[in-house]
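Subject: Structure handover and notes

Dear colleague,

Please find below the structure I said I would pass on, followed by my notes on it. I would be glad if you could read the notes with the coordinates open beside them.

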Amino acid sequence: MINRLYENSIEDQLTKLYNRRGFLALAKDSIRLMETPDYHIVFIDMDKMKIINDKLGHDIGDNALKEAAKILASSFREADIISRYGGDEFVVFISDVEKHIIEKIKDRIMDKVTSFNKNNQYNYKLGLTVGHSKYNRSKKQSLQEVINEADQDMYNNKINGID
């Protein structure tokens, strides 16, 4: 029972991904175990989620969140820490990869979104905007600083229409 309570405290019940608390705990533990920190943060925001909720209802909005979570879960490695960070935002911790792998992951996500939109039976189009940041050893950044940079990159991509 204690194990189940702990799992409930770190898991987002809707998407079955980690929640913010679980993400931060696991990411910090991962960083502590690294001899030399080397990781990336990918920040993903759902596009037009408010419109989906307002026009189609929160049940459909919940469905959109679940579909986005499925796309993300199938786009990353099992070792990556994928979370619903809050609302319609997702954050992923990725260690031990080169930057070109991050670009491949972004392409994979966009390909899966395109495929979902071609084949879905819902009255909405799923859209995801992705941002990225890499831990900078020379700056000795905190995890939160790297997350904030990835969030800012996502925001810049959203206003510039870049996925």
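Accessible areas come from the Shrake-Rupley method with a 1.4 Å probe, and for residues only the protein chains shown count as cover. On that basis the accessible surface of the protein chain comes to about 9,400 Å², of which 49% belongs to carbon and sulfur atoms.

Please bear in mind that this is a predicted model, in which local features need pLDDT of at least 70 and side-chain atom pairs count only at pLDDT 80 or more, while totals for chains, interfaces and linings use all residues. Residues are numbered from 1 along each chain as its sequence is written, and side-chain values use heavy atoms, with hydrogens and water left out.

Overall form

The radius of gyration (taken over C-alpha atoms) is 16 Å, which agrees with the value near 15 Å that a compact globule of 163 residues would have, the globule rule being 2.2 Å times the number of residues to the power 0.38. Along its principal axes the C-alpha trace spans about 50 × 45 × 25 Å. Of the 163 residues, 46% count as buried, where buried means under 20% relative accessible area, exposed over 50%, and partly exposed in between. Among the contacts (heavy atoms within 4.5 Å) with a separation of 6 or more, 67% are between residues 24 or more positions apart.

The secondary structure comes to six helices and four strands, taken as DSSP runs numbered from the N terminus, with helices (H or I) of at least four residues and strands (E) of at least two. From the N terminus on, the elements run α-α-β-α-α-β-β-α-β-α.

The sheet

The four strands form an open sheet in the order β2-β3-β1-β4 with antiparallel pairing, and the edge strands, each pairing on one side only, are β2 (81-86) and β4. Two strands are said to pair if DSSP finds at least two bridges between them. The twist averages 20° from one strand to the next; angles here run from 0 to 180 degrees between N-to-C directions, with axes fitted to C-alpha atoms, for helices over the stretch in contact.

Five bridges join β2 to strand β3 (residues 89-95), and I82 stands opposite V92 in β3. Strand β1 (residues 39-46) and β4 pair over seven bridges, with H132 in β4 as the bridge partner of V42.

Helices and single residues

Helix α6 (residues 143-159) lies across β1, β2, β3 and β4, running at about 140° to β4. K106, in helix α5 (residues 99-119), counts as buried at 14% relative accessibility, and, leaving aside its neighbours within four places in sequence, K106 is in contact with V130 and H132. By contrast, R21 in helix α2 (residues 20-33) is exposed, with a relative accessible area of 55%. The C-alpha atoms of R21 and R137, 116 residues apart along the chain, are separated by 25 Å.

Finally, helix α3 (residues 49-56) and helix α4 (residues 58-73) pack at an angle of about 145°, with their axes 7 Å apart. In this packing M49, I52, N53 and L56 of α3 meet H58, I60, G61, A64 and L65 of α4, and the residues of the contact divide into six nonpolar, three polar and no charged.

Terms used
Nonpolar A, V, L, I, M, F, W, Y, C, P; charged D, E, K, R; others polar. Buried < 20%, exposed > 50% of the residue type's maximum accessible area, 1.4 Å probe, protein only.
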